[in-house]
Amino acid sequence: MNEAELIERVLSGDMAAARELYDAYVDGVHRLAIRMTANDELAQEATQDAFVRVFRGLHGFRRDAALRTWIHQIAVSAILTAMRGRKRWNARRAEIEEADQLVKEPPSSEPYLRDRLYAAIDALPDMYRSVFVLHAIEGHSHEEIAKLLRIPSGTSKARLSHAREKLRQALKEFEGESASV
Amino acid sequence: MSDTGSHPERSEGSAGTPFDALLDREGKGYRSGVQPPSDPMWSRIERDVARAIAPREGRITRNWPWVVAAAGIAAALVLGVAIGRRSTRTDMPASPAAPSVAAASRTETPVDSSRHAQMRAATLNHLVQAEVFLTEVRADLKTGRRDPTRNQRSRHLLARTRLLMANDAGGAPAVARLLQDLELVLAEIAALPDSAGGRRSTIDARLLDERLRAGAVLPRIRTILPSPPAVGGS
């Protein structure tokens, strides 16, 4: 069954088709959510909200866009909402604005660079981690991130730069090993 | 969701140093092996999904406000055409906008023109009601107040929105897009649970508030409303 047929079945009220659509995209949405939030519970909440929005909005889905891209946009929006809902976003923002130079120390028990890197990404403030994930991992341009996060593209570039700098500081002891991980 | 984005070129802002290249390369494995708890998450949203995808035909037969709305629009159109015919004859020479729109309206017959004007008037009237309704809903969400007629009113407005869209009442692309966004917002309001309270309700309220803010529906309505030439200028 192709995508258009699947959508038609969903819109006719077919719950099996709805589950099929959910299964097709839940891995990606949840992975994006957990990467952006670095929090299992929050990621689940955001994933659920994203799919509720997807099914509510499916009647209005314009077929000129790819379903995957449309779901991705909804997922990012739902993830940001979940993050804001926990008041973490604003709290982190205030924290960063007051002490922008402060570098969070990631757990230093992991001996391997990759583990340290992942711990350092976890430790990034939400606003930096979101941009880093969307750009470095998801492959979005700064213009796309600007639209998704509703920030100027210059802010996206600045946040990516900050994120990289913080990761660099957190992993500076490995810097000489960059090419041999 | 690395396979869901548009995957643009990676030139801008991408790895400039070996360390940046390392970040980009190794970052791709960040939390990549996490398995989502698909079944528990699905069970938590299953009811909402079922409600969201319920066939629209069923809703029409269940919800009599659709019928009332259709009758109301039809009556407004009939009345509007009659008024429009009179206003076309009496008002056009005095209209200050007439010279500027004369060229554009040369190909329209008087009947087309009056129908257009009346559709715009009906749209304007609808947007006024929608603005009032959305403002009330937004205030209710903030205060936690529950309007027992909220779902009924939203379905009523939703029906009218769809009828206007089906009749190309938007006219201008901006109005057409506004009606599409309004339709989505009203559909979400109509799908909100009747009973207040609970975590699900809180999430719904939050999502709706975000939808209103993200689509800037209210500001767009307010932008269109005080613009008389856009409504009755043709």
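Biologist: In which helix of chain B is the place of I73(B)?

Modeller: Helices (H or I, at least four residues) and strands (E, at least two) are DSSP runs, numbered from the N terminus. The place of I73(B) is within residues 64-91 of chain B, that is, in helix α4.

Biologist: Which pLDDT must side-chain atom pairs have to count in this model?

Modeller: Residues are numbered from 1 along each chain as its sequence is written, while chains are lettered from A and ligands numbered from 1 in the order in which they are written. This is a predicted model: totals for chains, interfaces and linings use all residues, local features need pLDDT of at least 70, and side-chain atom pairs count only at pLDDT 80 or more.

Biologist: Is I73(B) buried or exposed?

Modeller: A residue is buried if 20 or more other C-beta atoms lie within 10 Å of its own, exposed if 12 or fewer, and partly exposed in between, with C-beta atoms placed from the backbone. I73(B) has 21 other C-beta atoms within 10 Å and therefore counts as buried.

Biologist: With which residues is I73(B) in contact, leaving aside its neighbours within four places in sequence?

Modeller: Two residues are in contact if their C-beta atoms, placed from the backbone, lie within 7 Å. M119(B), 46 residues from I73(B) in sequence, is 9.7 Å away in space, C-alpha to C-alpha. Once the neighbours within four places are set aside, the contacts of I73(B) are A122(B), R160(B) and L163(B).

Biologist: What percentage of the residues in chain B is buried?

Modeller: The secondary structure of chain B consists of eleven helices and zero strands. Among its contacts between residues at least 6 apart in sequence, 78% join residues at least 24 apart. Of the 234 residues in chain B, the buried share is 28%.

Biologist: Which element gives the largest share of the side of chain B that touches chain A?

Modeller: In chain B, 50 residues are in contact with 61 residues of chain A. Two or more residues on that side of chain B come from each of α1 (18-27), α2 (38-52), α8 (173-191) and α9 (198-215) of chain B. The largest share, nine residues, comes from α2(B).

Biologist: How many residues on the side of chain B that touches chain A are charged?

Modeller: Ala, Val, Leu, Ile, Met, Phe, Trp, Tyr, Cys and Pro count as nonpolar, Asp, Glu, Lys and Arg as charged, and the others, Gly among them, as polar. The side of chain B that touches chain A has 25 nonpolar and eleven polar residues, and its charged residues number 14.

Biologist: What percentage of the residues in chain A is buried?

Modeller: Chain A has nine helices and zero strands. Of its contacts with a separation of 6 or more, 63% are between residues 24 or more positions apart. Buried residues of chain A, out of 181, amount to 45%.

Biologist: How is α1(A) oriented to α2(A)?

Modeller: Axes are lines fitted to C-alpha atoms, for helices over the stretch in contact, and angles run from 0 to 180 degrees between N-to-C directions. Angles under 35 degrees count as roughly parallel, over 145 as roughly antiparallel, 65 to 115 as roughly perpendicular and the rest as oblique. Helix α1 (residues 3-11) of chain A packs on α2(A) at about 130°, with the axes 7 Å apart. Relative to α2(A), α1(A) is therefore oblique.

Biologist: How many charged residues does the contact of α1(A) with α2(A) have?

Modeller: L6(A), R9(A) and V10(A) of α1(A) meet A17(A), A18(A), E20(A) and L21(A) of α2(A). By class, that contact has five nonpolar residues and no polar ones, and its charged residues number two.

Biologist: At which residue does helix α2 of chain A bend?

Modeller: The bend at a residue is the angle between axes fitted to the seven residues ending there and the seven starting there. Helix α2 (residues 15-37) of chain A bends by about 45°, and the residue is Y25(A).

Biologist: Is A38(A) buried or exposed?

Modeller: A38(A) lies in the loop between α2 and α3 (40-57) of chain A. Although not a glycine, A38(A) has a positive phi of about 55°. With 20 other C-beta atoms within 10 Å, A38(A) is buried.

Biologist: Is R150(A) buried or exposed?

Modeller: R150(A), in the loop between α8 and α9 (153-170) of chain A, has a positive phi of about 55° although it is not a glycine. Because R150(A) has 11 C-beta neighbours inside 10 Å, it counts as exposed.
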